[in-house]
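Reader: Hi, I'm new to this one. Can you put it up and walk me through it?
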Amino acid sequence: MATLTIKRLPPEDECPDLSQHHNHMAKVLTPDMYKELSERCTPNGFTLDKVIQTGVDNPGHPFIMTVGCVAGDEETYEVFKELLDPIIQDRHGGYKPTDKHKTDLNPNNLKGGDDLDPNYVLSSRVRTGRSIRGFCLPPHCSRGERRAIEKLSVEALGALDGDLKGKYYALKNMTDAEQQQLIDDHFLFDKPVSPLLLASGMARDWPDARGIWHNDNKTFLVWVNEEDHLRVISMQKGGNMREVFTRFCTGLTKIEELFKNKGHAFMWNEHLGYVLTCPSNLGTGLRGGVHVKLPNLSKHAKFEEVLKRLRLQKRGTGGVDTAAVGGVFDISNADRLGFSEVELVQMVVDGVKLLIEMEKRLEKGQSIDDLIPAQK
Amino acid sequence: MAKNCHNDYKMKFSLEEEYPDLSQHNNHMAKVLSKDVYSKLRSKSTPSGFTLDDCIQTGVDNPGHPFIMTVGCVAGDEESYEVFKELFDPVISDRHGGYKPTDKHKTDLNWENLKGGDDLDPNYVLSSRVRTGRSIKGFTLPPHNSRGERRAVEKLSIEALSSLDGEFKGKYYPLKDMTDKEQEQLIADHFLFDKPVSPLLLAAGMARDWPDARGIWHNDNKTFLVWVNEEDHLRVISMQKGGNMKEVFKRFCVGLQKIEDVFKKHNHGFMWNEHLGFILTCPSNLGTGLRGGVHVKLPKLSTHPKFEEILTRLRLQKRGTGGVDTASVGGVFDISNADRLGSSEVQQVQLVVDGVKLMVEMEKKLEKNESIDGMIPAQK
C-alpha cells in the first residue's frame with residue numbers, strides 16, 4: 001500500500017451525505033463500503049475521496065443517471081473494485097466482475113455499412129478513447145505526465161502517412177487563424193465547463209499539453225489530454241460508415257503500434273477492455289453514430305422503444321445533452337462494454353438502415369408496425 | 001517530512017518537465033515562482049500532505065489580468081506558510097507593502113483604543129461594516145480539508161456561537177437544511193452566501209462537497225454575522241446602518257473575543273503567530289484579515305482628478321457597493337482600509353474613521369464649489 005499522508009477523521013465523520021444524490025456512485029456507496037475503502041489508495045496516491053469527488057459535488061438529476069466517479073490511474077479499477085464493479089454492472093447492462101470483454105478492430109468483420117441512404121444520413125462518425133499505460137489519468141496526472149503523453153502522441157501521430165498524414169495544433173500556441181479554422185471545422189475543443197469534469201480535476205493547468213491533431217483530409221482527428229489521454233475520431237459526410245470504421249481501425253492500429261515501438265502500450269485488460277477515465281467508457285470506449293433525418297419517426301409513439309430494442313441512443317446534433325434541430329438526430333450505439341467494436345458498429349449500421357426504412361414508410365403514410373424489431 | 005506517494009512519483013520527472021508555464025501569467029505567484037524556487041520546494045509536503053503544486057494550482061489555472069494582481073496561491077494548512085516559505089515570503093512582501101520575513105505583526109482588538117469613530121455624518125455614510133476571518137488551529141484549511149474536518153469546524157462553531165447571549169444571541173442556518181422561507185429572508189438581508197463561482201476559488205478546491213457543513217449564523221438584531229466554511233473556516237462580520245463605526249468595531253471585538261474563548265476551551269484556538277498574525281487561506285488576508293469600511297456618498301469627490309491619489313495616501317481603497325470587483329452606483333462607494341498585515345486592527349479602523357471623516361469634509365467643500373487643495377493629506 002502506498003504511503004499517503006492526508007488528514008482524516010474516523011470514516012463515520014468523513015462519509016459523504018448522499019441523501020440528495022442521484023448517480024451511480026451514490027446508489028452503490030454505503031457507509032460500510034466507505035469505511036472499508038477509505039483506508040486504501042492506489043500506488044500513485046489516488047484515494048477514494050478523489051474517485052468520488054465529482055459525484056459528491058454533482059448530485060445528479062432524477063432523469064439522467066451520471067456515473068459520479070472517475071479513475072485517476074489504471075489501478076483505481078482494481079484497488080476500488082468493491083465500488084466500481086457494481087457501478088460497472090449497473091451502467092453496462094449487468095456486466096459481471098467475471099465477464100470477459102472482446103476487442104475486435106478488424107473492419108473486414110463489418111457487414112455492409114457502405115450504403116446508408118445519403119438523403120437521410122448526413123454524416124457518419126466513430127470515436128473512442130485511449131489511455132497510455134504507465135501514466136496517471138486526467139483527474140490525477142501531473143504536468144510532467146501530461147507533457148510526456150503529448151510528446152509521445154505528437155511523435156506517434158507525426159509518423160502517420162498516406163491518407164492519415166496530418167498536423168498537430170497545440171492549444172497553447174495556436175494562431176488566431178488556426179483557431180478559427182478549427183472552429184469552422186468543428187474540431188476545436190475548449191477548456192471543459194461541465195461541473196462534472198471540473199470537479200474531478202481534469203481541467204488543471206489548462207491549456208498546458210493539450211492539443212488537436214488531424215489529417216490533411218480532415219477525416220481523422222485526435223484530441224490529446226482532454227477528458228482522456230487520447231480521443232480518436234474518424235468522420236466524414238454521408239452514410240459510408242464502413243469507410244469511416246475502416247479508417248478508424250487502421251489509424252488506431254497504426255497509432256498503437258507506434259506507441260508500442262516506444263515502449264508504451266494502451267491500457268487494456270481482458271475484463272474491462274480499454275481502460276478510460278470514466279467508467280461509462282470502458283470496453284470499447286466506442287461511440288459510433290450518424291446524423292440522420294428522422295422528422296416523422298422521431299415523433300412516432302414507438303420511437304424510444306425502437307431505439308431501445310436496437311440498442312441505440314439519440315442525442316441532439318450538438319452532442320451529449322443537446323436538442324435535435326430540424327428533425328436531425330445523432331443516433332449511436334448505447335453500449336460500450338461487453339460487445340466488440342465490430343458488433344457495436346454493426347448495430348448502428350443495421351439499426352440506422354431500419355430506422356430509415358421506417359421513416360420512408362411514415363413519409364408515405366404507411367404503418368411501421370411490422371418493422372418493429374425484437375430486443376437485440 | 002510527510003510522505004506523499006504521488007508527489008514522490010512526480011519527482012521522477014525533471015524540473016523542466018513539471019515546472020508550470022507561467023509565461024502568460026500575471027499574478028503574485030507567477031512573479032515569484034522561479035525554476036529555482038520550484039526546484040527547492042517541489043519535493044516537500046506539509047504534515048497533512050499539502051504540496052507546492054496544491055498551493056499554486058489556482059494561480060496556474062488563472063493567469064490573471066494585467067490590471068488586477070491576484071495572489072495566485074493559497075495555504076492548505078497552517079504549516080504551508082512555513083514549509084513553502086520561499087514562495088510565500090516574497091508573495092507576502094510584494095502584496096503587503098514590503099513586509100519582511102523578520103517583521104512582527106501587532107494584534108490589537110481593544111476597541112477602546114479607537115479614537116472617535118462614532119460620529120461619521122449619516123447624511124453621507126449610509127452604513128458601516130468590519131469583517132475578518134479566523135482559522136481554527138488543528139484543522140486544515142478550505143483548499144485541503146476533508147468533510148470530517150469541515151464538519152468538526154462547523155460543530156465547534158455552532159457550540160461557540162450558541163453560547164453567545166445579550167446582543168449576540170442568535171441562530172445558525174446550515175446551507176444544507178435551509179427552508180425556502182429562511183433562504184429568502186437571508187437573501188433579503190444580504191446575508192446569504194452561495195457556492196463560489198469564481199474560478200480563483202474553484203481551482204483551489206474550496207467548493208468541494210458543497211453545501212456540506214457550510215452555514216450562516218447571525219444574531220437576532222442582524223448586526224453580527226458569521227459564515228462557516230466558506231473561503232475560510234470563519235468569516236466574522238459586524239455591521240449596521242449609519243456612521244457609528246465605533247459601535248460596529250466594539251461589537252466586532254467583543255464578539256470575536258467571546259467566540260475565541262469558547263474555541264480555546266476545546267484546545268482549538270485561532271491560528272495566529274507573531275510574524276503573520278491571524279493565519280488565513282489567502283495570503284492577502286494575513287495579519288488582521290480585517291476589512292473595515294463604509295458605504296459613503298461621494299459623488300463629487302469621486303469625480304475629482306485627485307480622488308485616487310487621496311485614497312492611496314489615506315491607505316484606503318474603493319469598491320462598488322456590491323463588494324470586490326463591482327461598480328459604484330449613484331456616487332456611493334465602499335471605502336475601506338487597503339492594508340491587512342503590519343498594522344493592527346485598531347490602526348486599520350482608525351485609518352478608515354479618520355480618512356472617511358476627511359473625505360466627507362472634502363465632499364462638502366466641493367458641494368460649495370470650494371477647493372480642496374489645502375486638504376490633500378500627506379502619505380500615511
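This is a predicted model: local features need pLDDT of at least 70, side-chain atom pairs count only at pLDDT 80 or more; totals for chains, interfaces and linings use all residues.

Reader: What does B:Glu274 meet in a salt bridge?
Author: The side chain of B:Lys104, with N to O at 4.0 Å. B:Lys104 is exposed, with a relative accessible area of 55%.

Reader: Where do B:Glu274 and B:Lys104 lie?
Author: In two loops of chain B. B:Glu274 is between strand 6 (272-273) and strand 7 (277-278), and B:Lys104 is between helix 7 (85-95) and strand 1 (125-134), so the pair ties together parts 170 residues apart in sequence.

Reader: How many salt bridges over all chains?
Author: The search finds 55. Another one joins B:Asp209 and B:Arg147, at 2.9 Å from N to O. B:Asp209 lies in the loop between helix 10 (199-203) and strand 3 (215-219) of chain B, while B:Arg147 is in helix 8 (residues 147-162), so this pair links parts 62 residues apart in sequence.

Reader: Are B:Asp209 and B:Arg147 buried or exposed?
Author: Both are buried. They also belong to a network of salt bridges with shared partners, along with A:Arg8, A:Asp49 and B:Arg150.

Reader: Why does four apart work?
Author: An α-helix has 3.6 residues a turn, so residues three or four places apart point the same way.

Reader: New topic. Which residues touch the most other members of the largest nonpolar core?
Author: A:Val222, A:Met241, A:Ile331, A:Leu355 and A:Met358, out of 65 residues in that core. Helix 12 (residues 341-363) of chain A gives the most to this core, twelve residues. A second, separate core has 57 residues, including B:Tyr172 and B:Val352.

Reader: What is A:Met241 in contact with?
Author: Leaving aside neighbours within four places in sequence, its contacts include A:Leu116, A:Val126, A:Val290, A:Val345 and A:Val349. A:Met241 is also one of the buried residues in helix 10 of chain A, among them A:Phe245, A:Phe248 and A:Leu252.

Reader: What span should helix 10 of chain A have?
Author: At 1.5 Å a residue, its 21 residues (241-261) should span 30 Å, and the end C-alpha atoms are 30 Å apart, so the two agree.

Reader: And what follows helix 10 of chain A?
Author: A:Gly263, with a positive phi near 85°.

Terms used
Residues are numbered from 1 along each chain as its sequence is written. Chains are lettered from A and ligands numbered from 1 in the order in which they are written. Side-chain values use heavy atoms; hydrogens and water are left out. A nonpolar core is a set of buried Ala, Val, Leu, Ile, Met, Phe, Trp, Tyr and Cys residues joined through side-chain atoms within 4.5 Å. Buried means under 20% relative accessible area, exposed over 50%, partly exposed in between (1.4 Å probe, protein chains only). Helices (H or I, at least four residues) and strands (E, at least two) are DSSP runs, numbered from the N terminus. Contact means heavy atoms within 4.5 Å. The expected span of a helix is 1.5 Å times one less than its number of residues.
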